[in-house]
Amino acid sequence: MRANTAEKWLEKRIKKYGPISKLSLFGNPTVFLHGPAANKFIFTSSCSIITNQQVKSIQMVLGDRSLLELTGDDHKRVRNALMLFLRPESLKDCVGKLEEEIRWHLEMHWQGKQQVTVLPLMKTLTFNIISSLLFGIQRGSQRDKLVGLFRQMMGGMWSVPLNFPFTRYRRSLQASKLAQNMLRQLISEKRVDLEQKGASPHQDLITCLLSIRNDNNEEMITEEEMVHNVLLVMTAGHDTSSVLITFMLQFLSNEPAVYENVLQEQENIARTKGAGTFLTWEDLSKMKYTWRVAMETLRMISPIFGSFRKALQDIEYGGYLIPKGWQIFWASPMTHMDNNIYPEPTKFDPNRFENQASVPPCSFVGFGGGPRMCPGIEFARIETLITIHYLVTRFTWKLCADSTFSRDPMPVPAQGLPLQINQKNPL
């Protein structure tokens, strides 16, 4: 992964053994599946047949009641609860608040600067957005403390799970415990606000989860489920969106025609806005080409290389038997970069996504699929479009490094993507 040769390694396996083969990963017998049919099988199969399977380090750091670990009715119940806040109808009211965080970030970290390093700045931005919109944590000491714990927690999520002193895994576990304690305190405070002070159930994700009640007026989501899924949302939203926006800027730097199309689309919207006014949901719906650029970026450089499932029973697939208890491994670049699915796959072409019906089913899995589709897809769309809008209308930039990248395990551009920037005059 760090040498960025995993895709070539899997390509050799496919050429040698075909779209289904067995190997050993993390000490466990594993079957590797490839192709749109394999993606469909993995993402749409019943939870009684296959289930999500995370490596032990992730499971221990994020907890065993997150969506990554839940199955069946529990998975459906918690996912539906998260979607109450993350659905478009709820997020429409958050556009202004999200835009305010992005404007503040650019004023603090971009304006007046001659050079910036994009990836760490985008990680700071996405964490601040998550803290504000999803958890209601405003700028200040509490957010600063949480971001420090979160970064330490992330540092050991993909480590060898040896719980010894001075290991990254031990530090990650300790940071996770402290972060969970902070979140429990935050949940208690929001529970009081909701019950005694009449707080709006939709002011943030935690308050929304607390407001969901059963017929006996009891909370439907346990506190442990709230804490573990808040950690999951923090992790997923922080890394994936920051990687997407970072590599969009890289591709816009290298593709002048694409950049001009995005710039024209965003400037047309900016000209309709008065000084100081915010973007609206309708403005976002006009950013169709910019979102196609985002989709093509995800196709070429997916933040999630792949993931694991576990067979809960003997499964017959493609003429083979996958034994109960085996891991099932899939990798998104294997269909994203398949020449038979996407002609000239190394060419950056956003128009591939102009007509969604032309994209073969289950060949693009940038946001997963089926019942395991990323619940934050709409949130990521809003966050990405608003950020790109302000970057292209307020700044010009030039790459200060080559366009190579490695994985650790998320894609990391060379030197974090340093840019030389200049501020534009207002439209």
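Because the model is predicted, local features were considered only at pLDDT of at least 70 and side-chain atom pairs only at pLDDT 80 or more, while totals for chains, interfaces and linings use all residues. Residues are numbered from 1 along each chain as its sequence is written, and side-chain values use heavy atoms, with hydrogens and water left out.

Helices (H or I, at least four residues) and strands (E, at least two) were taken as DSSP runs and numbered from the N terminus. Two strands are said to pair if DSSP finds at least two bridges between them. Five strands form an open sheet of mixed pairing, in the order β1-β2-β8-β5-β3. Its edges are β1 (20–25) and β3 (50–52), each of which pairs on one side only. On average, neighbouring strands of this sheet are turned by 35 degrees against each other, direction ignored. Within the sheet, β5 (residues 306–311) and β8 (residues 327–331) are joined by five bridges in the antiparallel sense. G306 has A331 of β8 as its bridge partner.

Axes are lines fitted to C-alpha atoms, for helices over the stretch in contact, and angles between N-to-C directions run from 0 to 180 degrees. Helix α1 lies across β1, β2 (28–33) and β8, and runs at about 135 degrees to β1. Helix α2 (residues 36–44) lies across β2, β3, β5 and β8, and its angle to β8 is about 125 degrees. Residues were classed as buried (under 20% relative accessible area), exposed (over 50%) or partly exposed (in between), using a 1.4 Å probe and protein chains only. In α2, the residues A38, N39, F41, I42 and F43 are buried. The cover over these buried residues includes β2, β3, β5, β6 (315–317), β8 and α15 (333–336).

A further strand pair involves β9 (residues 395–399), which has a covered face made of F395, W397 and L399 and an uncovered one made of T396 and K398. Strands β9 and β12 run antiparallel and are joined by five bridges. In this pair, F395 stands opposite Q423 of β12.

Salt bridges were defined as a side-chain nitrogen of Lys or Arg within 4 Å of a carboxyl oxygen of Asp or Glu. By this rule the model contains 17 salt bridges. In the bridge between R103 and E99, the closest N and O atoms are 3.4 Å apart. R103 and E99 are four residues apart in helix α6 (residues 95–109), which means that about one helical turn separates them. An α-helix has 3.6 residues a turn, so residues three or four places apart point the same way.

Other salt bridges connect separate parts of the chain. The side chains of K190 and D204 meet at 3.0 Å, N to O. K190 lies in helix α9 and D204 in the loop between α9 and α10 (205–211), so this pair links distant parts of the chain, 14 residues apart. K190 and D204 are both buried. E219 bridges to R191, with the closest N and O atoms 2.8 Å apart. Because E219 lies in the loop between α10 and α11 (223–254) and R191 in helix α9, the pair ties together parts that are 28 residues apart in sequence. E219 is partly exposed, with a relative accessible area of 24%.

Most residues other than glycine have a negative phi. N4, however, has a positive phi, near 60 degrees. N4 is placed in the segment before α1 (6–17) and counts as partly exposed at 28% relative accessibility. The phi of L417 is likewise positive, near 65 degrees. L417 is found in the loop between β11 (411–413) and β12 (418–423), and is buried with a relative accessible area of 1%.

How values were computed
Contact = heavy atoms within 4.5 Å.
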